[in-house]
Structure formats: C-alpha cells, structure tokens
Amino acid sequence: MSAPDYDVDILILDDNPTILENLTLLFQGMYTTATFERVQDAIAYLKKHSAKVIITDLRMPTMNGFMFISEAKKLSPKAQVVLMSAFIDAQSPADRAIFERYTRNALSKPYTIDEMLGMVKTLIA
C-alpha cells in the first residue's frame, strides 16, 4: 500500500474563528482538514505537509489572500485553491478577472453550504 499523496484533504485559512469552526463542521466526516487563523501558521504547515485543496479568505491582518496563495502554491503546487471574500463579487467580470489571476475558484461571502460543498467536491474528485 502506497503512502497518500496529501497529508490533509483541505487546509482552511481565515482570521475569523467562527468561519473556521463552521467549515470544519461542514467537512467533518467527509474530508480531513487543517485550520489556521494566522497566515504564518498556515505557511509553516505547508512547509512540512501538503493539502489537496486550500481555502483562504482574501482579507487578513498580516497578508492578503492573494499573497498567501502565491506562497502556498510554491510550497504545495498541486493544491487547488478556493478564495473567499465578502469584498469582491465573484460574478462581476472585473472582479472575476482579479480572482482568476490567482485561482478560478472563488466564492463571495456569504456563500451557501451547497456552493462550498459543491466546489470542494469538484476539486477533490
């Protein structure tokens, strides 16, 4: 039996602990997760571990989501990324162009459970 390609299915980074808790509960029993409130901790984790999917917020105190994605993709290049934000409309062509520079997978907050689960299931499949 070979070793798994990834240490966890999903790495979640958001400075809001309530969002981390809600997403952990959402994925519980379906996927393994690693959650982080601080960018530095998520980067430190990725230096030693890998994830199939990285879910990150856009606005965080020390580093924005775009900068984090750039760093995360250097450490875990095969990871699929989902960027969440309450400040960009993922349906707007202009905002979508900004998102697509970093990832094609974007969710505007508030998103629905079905939107998040559907996106993650597609990326992990």
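Buried means under 20% relative accessible area, exposed means over 50%, and partly exposed lies in between (1.4 Å probe, protein chains only). This is a predicted model, where local features need pLDDT of at least 70 and side-chain atom pairs count only at pLDDT 80 or more, while totals for chains, interfaces and linings use all residues. Residues are numbered from 1 along each chain as its sequence is written, and side-chain values use heavy atoms, with hydrogens and water left out.

**Exercise 1. A pair within a helix**

Task: Find the salt-bridge partner of K74, then describe where both residues sit.

Solution. 
- Step 1. Apply the criterion: a side-chain nitrogen of Lys or Arg within 4 Å of a carboxyl oxygen of Asp or Glu.
- Step 2. K74 pairs with E71, and their closest N and O atoms are 3.2 Å apart.
- Step 3. Helices (H or I, at least four residues) and strands (E, at least two) are DSSP runs, numbered from the N terminus.
- Step 4. Check accessibility. K74 is exposed, at 61%. E71 is partly exposed, at 30%.

**Exercise 2. A pair across the sequence**

Task: Which parts of the chain does the pair K109 and D57 tie together?

Solution. 
- Step 1. Confirm the bridge. The side chains of K109 and D57 meet at 3.1 Å, N to O.
- Step 2. Locate each residue. K109 lies in the loop between β5 (106–108) and α5 (113–124), and D57 lies in strand β3 (residues 51–57), so the pair ties together parts that are 52 residues apart in sequence.
- Step 3. Check burial. Both K109 and D57 are buried.
- Step 4. Look for further partners. D14 joins D57 and K109 in a network of salt bridges.

**Exercise 3. A third pair, and the total**

Task: Describe the salt bridge between D41 and R38, then state how many salt bridges the whole structure holds.

Solution. 
- Step 1. The side chains of D41 and R38 meet at 3.0 Å, N to O.
- Step 2. D41 is partly exposed, at 34%. R38 is partly exposed too, at 47%.
- Step 3. The search of the whole structure finds five salt bridges.

**Exercise 4. An alanine in helix α3**

Task: Is A72 buried or exposed, and which residues does A72 contact beyond its neighbours within four places in sequence?

Solution. 
- Step 1. A72 lies in helix α3.
- Step 2. Its relative accessibility is 1%, so A72 counts as buried.
- Step 3. Set aside the neighbours within four places. A72 is then in contact with L46 and I54. Contact means heavy atoms within 4.5 Å.
- Step 4. Compare a distance. A72 and A51 are 21 residues apart in sequence and 10.0 Å apart in space, C-alpha to C-alpha.
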